[in-house]
Amino acid sequence: MSDDTLPDDAGPCVLLRAPDGAAATVLLHGAHVVSWRTAGDGLERLYTSPKARYGDGQAIRGGVPVCFPQFGDRGPDTALAFHGFARRRAWQLVDQGVGEGPDANQAWARLRLSDDEATRALWPHAFQLELEARVGGDRLDIELSVRATGGPLAFTAALHTYLAVADLPAVRLEGLDGSRYFDKAGGGVEATQGTAPIAFGPETDRIYWGVGERVLRLVEPTRGLTLAQEGFGDTVVWNPGAQRAAQLADLAAGGEARFVCVEAAAIQPPVTLAPGQRWQARQRLKAS
Ligand code: TA6
């Protein structure tokens, strides 16, 4: 998906174009990054479902959903929607530019979601959430920050990144060996990852605890991708497999073979902020 293939109901978006041709598309709805193309090969590196639903209140299947103020149903308030409300709401564009900041070759945009009457009805807290996306060369960096603008805050959060893959059976995820994980698809048990890279088949749905700043590698026969995270302690790995995918109305037939979610997450412990305090965390993707 790119700006010229976005459906009309996707709403307003920000187009990021770096001087070297790398590009990304960020919807104001959910501050949702729906497309990332690297410089040179112009290959789409994110998966966004052709059957994704857009518009007010929708959660888009694919791209980079922002989960806040809870990841899944693991959060401060179990009455909140699965993965929270941030991905379902319209954000504001604060600023965008090219060639400033830490990398002069990157195009960037910063979007913001602040509490309002509707969010306070769901979650009675004052907050300011910001997402900054930076694209250039073979890289996409996404930073999420949260400021407690009223009282103290407690939340969980994630960047639920859908990485495009050519052929799921040939994909391997390296770098999580020895990590403890919660195996949701495997019956809700805790386990330890062995030395073999992760392969995909039936549903994989795992939260790897305390991954911290370990660098992960998504390996395919003809391409690869390096993932790093800062400030996010946990990593979630999800692919629905064929059986679960068949129950997801916003996924096209065979769609599960086109992506793997590798998500930078802050789940355990939840993030706690004192009034006025700010938390920030990043996911950095580098294609090869
Ligand atoms: O991150 C993995 C997960 O929490 C899975 O349990 C799975 O349900 C997935 O997210 C997708 O959730 P969604 O609400 O977007 O359908």
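Reader: Which strands each supply at least two residues of the lining of the largest pocket?

Author: This is a predicted model, in which local features need pLDDT of at least 70 and side-chain atom pairs count only at pLDDT 80 or more, while totals for chains, interfaces and linings use all residues. Residues are numbered from 1 along each chain as its sequence is written, and side-chain values use heavy atoms, with hydrogens and water left out. On a 1 Å grid over the protein atoms alone, a pocket is an open set of points with protein on both sides within 12 Å along at least five of seven lines, a cavity is a set where a 1.4 Å probe fits but cannot get out, and lining residues have an atom within 4 Å of a point. With strands taken as DSSP runs (E, at least two residues; helices are H or I, at least four), numbered from the N terminus, the two that qualify are strand 14 (204–208) and strand 17 (234–239).

Reader: How much space lies in the largest pocket, and which residues are the closest to its centre?

Author: A volume here is the space filled by probe spheres set on the grid points, which are joined across faces, edges and corners. On that basis the largest pocket holds about 540 Å³. It is lined by 25 residues, and the closest to its centre are R61, F82, H83, R87 and R244.

Reader: How does the lining of the largest pocket divide by class?

Author: Ala, Val, Leu, Ile, Met, Phe, Trp, Tyr, Cys and Pro count as nonpolar, Asp, Glu, Lys and Arg as charged, and the others, Gly among them, as polar. The lining comes to 10 nonpolar, four polar and 11 charged residues.

Reader: Where does the ligand sit?

Author: A molecule is assigned to a cavity or pocket if more than half of its atoms lie within 2 Å of its grid points. The residues around the ligand (a heavy atom within 4 Å) include F71, H160, K184 and W238. By class, this shell has four nonpolar, two polar and six charged residues. The ligand's place is the largest pocket.

Reader: Which side chain has a polar atom 2.5 Å from an oxygen atom of the ligand?

Author: A polar contact is a pair of N or O atoms within 3.5 Å; within protein, one must be able to donate a hydrogen and the other to accept it, and residues adjacent in sequence count only if both atoms are side-chain atoms. For R61 the distance to a ligand oxygen is 3.0 Å, and for R87 it is 2.9 Å. The 2.5 Å distance belongs to D205.

Reader: What share of the ligand's exposed area does the protein bury?

Author: Accessible areas come from the Shrake-Rupley method with a 1.4 Å probe; for residues, only the protein chains shown count as cover. Taken alone, the ligand exposes 390 Å², and the buried share is 90%.

Reader: Which strand gives the most to the lining of the largest cavity?

Author: There are two cavities of 30 Å³ or more, and the largest has about 60 Å³ of space. Its lining includes R214, L227 and Q283. With three residues, the main contributor is strand 16 (residues 224–230).

Reader: How much space lies in the second largest cavity?

Author: R45, A164 and E220 are among the residues that line this cavity. Its lining divides into three nonpolar, one polar and three charged residues. The volume is about 40 Å³.
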